[in-house]
Amino acid sequence: MGWSNPPIPWSEFERTLSDQRRPGAPPAGADGGDSPAWSAKRQPYQPPVPPTEAGARPDSAETVPYAELHAHSNFSFLDGASSPEELLEEAAALGLSALGLTDRDGLYGIVRMAEAAESHPSIATVFGAELSLGLSAPQLGVADPEGSHLVVLARREEGYHRLAGAITAAQLAGGAKGRPVYDLDDLAERASGNWMLLTGGRKGRVRQALTGTLPNDASQLAGESREGIAAAAREVDRLVDLFGADNVVVELYDQGGPLDSDHNDALFAIAQRRGLRAVATGNVHYATPKQHHLATALSAVRARRSLDEMDGWLPASGAAHLRSGREMAARFSRYQGVVEQSVELAADLSFRLRSARPGLPKQEVPEGHTPMSWLRHLVWQGVAEKYPRLTPEDRRRIEREL
């Protein structure tokens with residue numbers, strides 16, 4: 001943060017003090033990350049303990065099946081505080097049956113989670129994203145970002161490909177990094193029954209309607225009321241009209257906020273009246289309780305404010321972490337079936353990312369060549385024809401790109 005910094009980079013300072021070279025650590029003088037600045041290839045995932053030991057904690061009681069379907073990793077920039085691997089490892093330690101990664105406006109972290117899941121076969125993987133609707137500009141430097149959120153979970157491989165296409169189109173339409181532009185009608189057409197939608201957390205349009213914080217809503221209710229419940233029901237109906245009743249699930253979460261239980265009561269009642277499924281989530285932003293302070297610091301960095309200035313916008317408690325099925329069942333005991341529903345939904349949605357790889361054609365190459373050596377041959381053959389006046393800089397660029 002700028003105080004008591006040594007006269008050399010921290011990475012070099014740490015190496016000098018420890019005189020250690022961890023497996024996969026960057027070479028001397030590197031930036032300390034896994035960026036192409038020092039390595040073109042990320043090291044393979046190494047579980048911290050054998051997977052057979054990861055799922056049983058000494059104090060664990062009888063496992064209650066539960067799947068966490070709404071979790072953000074640190075690929076939700078300055079929003080999530082844990083890596084996808086940390087989330088997966090904690091999910092395995094808690095005995096969860098599945099984990100859904102829903103990073104903000106991207107699928108950036110899913111490869112890491114899928115790789116870690118190969119070492120934890122008891123954890124099914126669900127892939128999704130939390131889409132940011134109604135942004136007028138990138139939101140870095142804003143204490144309480146504008147807009148609304150829509151949590152989309154891909155239904156197996158087809159849903160994953162459709163979601164990736166929708167996010168790509170929105171990022172291109174935005175014209176600026178950090179400002180994707182989505183259209184609900186377009187999303188519904190792209191989904192074509194291959195997505196599951198959760199009504200979301202505090203920034204979901206359903207909860208925003210319930211609390212009177214829906215963008216462009218003139219009522220600005222102070223809290224849940226009859227008018228708020230009616231507005232929330234209308235937002236639920238809108239999602240159902242667009243995506244279908246089988247693809248909309250009312251989300252309940254409880255992070256210790258003073259109105260969380262009241263809001264859950266209202267939303268569960270809406271789900272029952274409309275014959276919709278309701279599911280409990282943790283709306284997770286970090287793996288373990290001890291990472292709450294890191295998440296708080298990241299929120300301040302994102303908003304470009306001090307922790308004191310951010311105090312009024314921070315969550316009421318450090319409760320946005322993964323929980324076991326037993327704890328979730330106790331926390332949501334008044335809402336019948338919402339914990340069990342998470343497992344049923346995960347069974348419908350989950351798949352191994354490896355199965356979604358494109359089926360590339362096998363390359364036919366002359367004897368004595370590999371696909372790469374034949375590509376190099378063809379490139380230099382074409383260069384001689386197309387660029388007779390090749391400069392040394394041109395040659396270096398071609399070599400670099402090859």
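Which residues in α14 meet which residues in α15?

Author: Happy to walk you through that, with one caution to start: this is a predicted model. On the α14 side, the residues that take part are Arg-376, Val-379, Trp-380 and Val-383. Their partners in α15 are Arg-395, Ile-398 and Glu-399. Sorted by class, this contact of α14 with α15 has four nonpolar and three charged residues, and no polar ones.

The geometry goes with that list. Helix α14 covers residues 371-386 and helix α15 covers residues 392-401, and their axes come within 12 Å of each other. The two axes cross at roughly 155 degrees. Because an angle over 145 degrees counts as roughly antiparallel, α14 and α15 are roughly antiparallel to each other. The crossing of α14 and α15 is right-handed.

Helix α8 (residues 226-243) packs with helix α9 (residues 260-273) at an angle of about 50 degrees, and the axes are 10 Å apart. That angle makes α8 oblique to α9. The crossing of α8 and α9 is right-handed. Here α8 contributes Ile-229, Ala-232, Ala-233 and Val-236, while α9 contributes Ala-266, Ile-270 and Arg-273. By class, the contact of α8 with α9 has six nonpolar residues, one charged residue and no polar ones.

Phe-332 sits in the loop between α12 (325-331) and α13 (338-349). With a relative accessibility of 2%, Phe-332 counts as buried, because the cut-off for buried is under 20%. Leaving aside residues up to four places away in sequence, Phe-332 touches Leu-252, Tyr-253, Asp-254, Asn-264, Ala-280, Thr-281, Val-338 and Val-339. One of these, Asn-264, is 68 residues from Phe-332 in sequence, yet the C-alpha atoms of the two are 9.4 Å apart in space.

Ser-192 lies in the loop between α6 (184-191) and β5 (195-198), and with a relative accessible area of 46% Ser-192 is partly exposed. Asn-283 is in the loop between β7 (277-281) and α10 (292-303). At 8% relative accessibility, Asn-283 counts as buried.

Finally, let us turn to the whole protein. There are 15 helices and seven strands. The protein has 402 residues, of which 44% count as buried. Among contacts with a separation of 6 or more, 74% are between residues 24 or more positions apart; the pair of Phe-332 and Asn-264 touches across 68 residues of sequence. The accessible surface of the protein comes to about 21500 Å², and carbon and sulfur atoms account for 52% of it.

To come back to your request: when you look at α14 and α15 on screen, find Trp-380 and Val-383 among the α14 residues of the contact, and Ile-398 among those of α15.

Note on methods:
Residues are numbered from 1 along each chain as its sequence is written. This is a predicted model: local features need pLDDT of at least 70, side-chain atom pairs count only at pLDDT 80 or more; totals for chains, interfaces and linings use all residues. Side-chain values use heavy atoms; hydrogens and water are left out. Helices (H or I, at least four residues) and strands (E, at least two) are DSSP runs, numbered from the N terminus. Buried means under 20% relative accessible area, exposed over 50%, partly exposed in between (1.4 Å probe, protein chains only). Contact means heavy atoms within 4.5 Å. Axes are lines fitted to C-alpha atoms, for helices over the stretch in contact, and angles run from 0 to 180 degrees between N-to-C directions. Angles under 35 degrees count as roughly parallel, over 145 as roughly antiparallel, 65 to 115 as roughly perpendicular and the rest as oblique. A crossing is left-handed if the near helix is turned anticlockwise from the far one by less than a right angle, and right-handed if clockwise. Ala, Val, Leu, Ile, Met, Phe, Trp, Tyr, Cys and Pro count as nonpolar, Asp, Glu, Lys and Arg as charged, and the others, Gly among them, as polar. Accessible areas come from the Shrake-Rupley method with a 1.4 Å probe; for residues, only the protein chains shown count as cover.
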